[in-house]
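The following paragraphs are intended to be read alongside the sequence and the model.

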Protein chains: 2
Amino acid sequence: MLHISRPRTVTTIVELRDVVRDWRRAGDLVALVPTMGGLHEGHLSLVRTARRRAKRVIASIFVNPTQFAEGEDFEKYPRDEVRDAELLANAGCDLIYAPTVSEIYPDGFATNISVKNITESLCGTHRPGHFDGVTTVVCKLLNQAQADYAVFGEKDWQQLVSIRQMVRDLDMPIRIASSPIVREADGLAMSSRNRYLSEKERKIAGKLNRALFASADHIAHGIDLERVLEACTKALLTAGFNEIDYIEARDSANLNLIHTLEHGKEARIFAAVRLGQTRLIDNVPIERTGRAG
Amino acid sequence: MLHISRPRTVTTIVELRDVVRDWRRAGDLVALVPTMGGLHEGHLSLVRTARRRAKRVIASIFVNPTQFAEGEDFEKYPRDEVRDAELLANAGCDLIYAPTVSEIYPDGFATNISVKNITESLCGTHRPGHFDGVTTVVCKLLNQAQADYAVFGEKDWQQLVSIRQMVRDLDMPIRIASSPIVREADGLAMSSRNRYLSEKERKIAGKLNRALFASADHIAHGIDLERVLEACTKALLTAGFNEIDYIEARDSANLNLIHTLEHGKEARIFAAVRLGQTRLIDNVPIERTGRAG
């Protein structure tokens, strides 16, 4: 089905709730896809996932200042509302919620939500305050929309796990769904930040996912995990990445560091690397084969 | 109207939500009164306030371990479920929600809600972690019950203001109502902790509210605020209180410390004092008279 008209855009909590209330009265399920705009195929797959679960889909577009650490790219983060609206229309989104910063954080705003453990490793170590910013704004967006579902991408795996933990811990009446990473032809995980890459950097960027998949494969085949990750780190630095924030294997559910594979537990390799001015993240599952120990 | 039968008691989130869902379907408004049990007339006035706003009233009884600081009275906090249920029945409560600690904090619980500024003075200074414990558990209870209203007492004024701030900041879809302090014949603010007092201490305890009301009156009549509070502190120590945690005049809305009365702003005197092993709190409005400056 091709949507020709752009979805309606609202900018206030009151308007958002009015629309959702009408849908609810009509008996429709509602799903929310929180985004920061700068949309790409990854976001659109979230909208499609939302669409499979609910008749009505809202995409929020809000570049949340509180989840950018000092010195990060808040100011230059890609903003293109017209293009975003067109993409959302074609993906089957019914409503765009694009609040201002003062609608989300009115004067005197003073509340913070933090999730322990899960947010204290990986990006949590490298981006102080980032996950508090994420969980606090997501709690707000979920309460504002009061949808039945919210959908998040698996590229930001640590974010996804933190949000699931918050929703469970705070007994929030919503179900969280996720959608797999969408990759470019060379396997690069789609990200709004990929557009920061120069042509030369873009070519190097494609090597990250291949190194991670190869490492996961080696580990799955029983090669020593620490040796594999060390070799992966070296290979990426040689390939032209400037800096490796981390390359680690962790339990997929609780993000505990692992040193060997355990039966019955899903594990993933998580990576964050720097390429020029750009920070890229990715994660891949370690899929145990019949031969693995 | 006299209720003869005891209200139904549920202990799980699932049962609670089932009951509320049925009420909602019948079109009834629902109000929640969160308590820690140890009920007295103050709690019952909250139930009556709830009753005026909503057809259905839930009282939760949960002695929340996370809001007791180390060395406080969590273990000996009064628990008397049979008496509490009788009192609630007579006050017009429809449902008691009495979850276990593991229902509220399952293994792996990791989320914390904190409210800045408002919680950083008064009891926040003297009870480390107390308000984080309060806001986190109240957020959970509100999400569990999904009521239209929640009612809190004005004796715990700082708690009330912190909860209002959290609900506003997180856009929680609930309205917060409050109910004035209920006092004994000698003016002592009712509290579950009053039963810790010996007969002798109980007599001394009644002097706290009178000292605060007198001080508020002096300030309202233009006497220097700092001098009045200093004299009040001395008088209470002389009267037999062991220790004064604080006696301060603050803006009622944002709890900012005040040094003089300002037109158009409501102010209160807040006090926390120790009497034997017992910690008592109270607060009174500073009601400007025609003569006040």
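**Sheets, domains and interface**

In chain A, three strands make up an open sheet in the order β8-β9-β10, with antiparallel pairing. This is a predicted model, in which local features need pLDDT of at least 70 and side-chain atom pairs count only at pLDDT 80 or more, whereas totals for chains, interfaces and linings use all residues. Residues are numbered from 1 along each chain as its sequence is written, and chains are lettered from A and ligands numbered from 1 in the order in which they are written. Helices (H or I, at least four residues) and strands (E, at least two) are DSSP runs, numbered from the N terminus, and two strands count as paired if DSSP finds at least two bridges between them.

The edges of this sheet are β8 (243-251) and β10 (278-286) of chain A, each of which pairs on one side only. From one strand to the next the twist averages 10 degrees; angles run from 0 to 180 degrees between N-to-C directions, and axes are lines fitted to C-alpha atoms, for helices over the stretch in contact. Nine bridges connect strand β9 (residues 267-275) of chain A with β10(A) in the antiparallel sense. Within this pairing, A:P285 in β10(A) lies opposite A:R268. Two helices pack on the sheet. Helix α8 (residues 199-220) of chain A touches β8, β9 and β10 of chain A, and its direction makes about 25 degrees with that of β10(A). Helix α9 (residues 225-239) of chain A touches β8 and β9 of chain A, at about 155 degrees to the direction of β8(A). Here and below, two residues are in contact if their C-beta atoms, placed from the backbone, lie within 7 Å.

A further open sheet of chain A contains six strands in the order β1-β4-β3-β2-β6-β7, and its pairing is parallel. Its edge strands, β1 (8-10) and β7 (175-179) of chain A, each pair on one side only, and the twist averages 25 degrees from one strand to the next. Strand β2 (residues 30-35) of chain A runs parallel to strand β3 (residues 56-61) of chain A, and six bridges join them. A:S60 in β3(A) is the bridge partner of A:P34. Helix α1 (residues 13-25) of chain A lies across β1, β2, β3 and β4 (95-97) of chain A, at about 130 degrees to β1(A). α6(A) also packs on the sheet, where it touches β2, β3 and β6 (149-153) of chain A, and its direction makes about 150 degrees with that of β2(A).

Chain A is divided into domain 1 (8-179) and domain 2 (192-286), with bounds that come from an automatic or database domain assignment. The C-alpha centres of the two domains of chain A lie 26 Å apart. Their contact involves 13 residues of domain 1 and 13 residues of domain 2 of chain A. On the side of domain 1 that touches domain 2, α5 (123-126) and α7 of chain A each supply at least two residues, and α7(A) provides the largest share, three residues. This side has seven nonpolar, five polar and one charged residues, where Ala, Val, Leu, Ile, Met, Phe, Trp, Tyr, Cys and Pro count as nonpolar, Asp, Glu, Lys and Arg as charged, and the others, Gly among them, as polar.

The contact between the chains takes 23 residues from chain A and 23 residues from chain B. On the side of chain A that touches chain B, the elements giving two or more residues are β5 (111-115), α6 (130-145) and α7 (157-169) of chain A. β5(A) gives the most, with five residues. By class, this side of chain A has eleven nonpolar, eight polar and four charged residues. β5(A) and strand β5 (residues 111-115) of chain B run antiparallel and are joined by five bridges; B:N112 in β5(B) is the bridge partner of A:S114.

Helix packing may be followed in chain B. The axes of helix α8 (residues 199-220) and helix α9 (residues 225-239) of chain B come within 10 Å and cross at roughly 165 degrees. α8(B) is therefore roughly antiparallel to α9(B), a description applied to angles over 145 degrees, whereas those under 35 count as roughly parallel, 65 to 115 as roughly perpendicular and the rest as oblique. The contact of α8(B) with α9(B) has eleven nonpolar, two polar and one charged residues.
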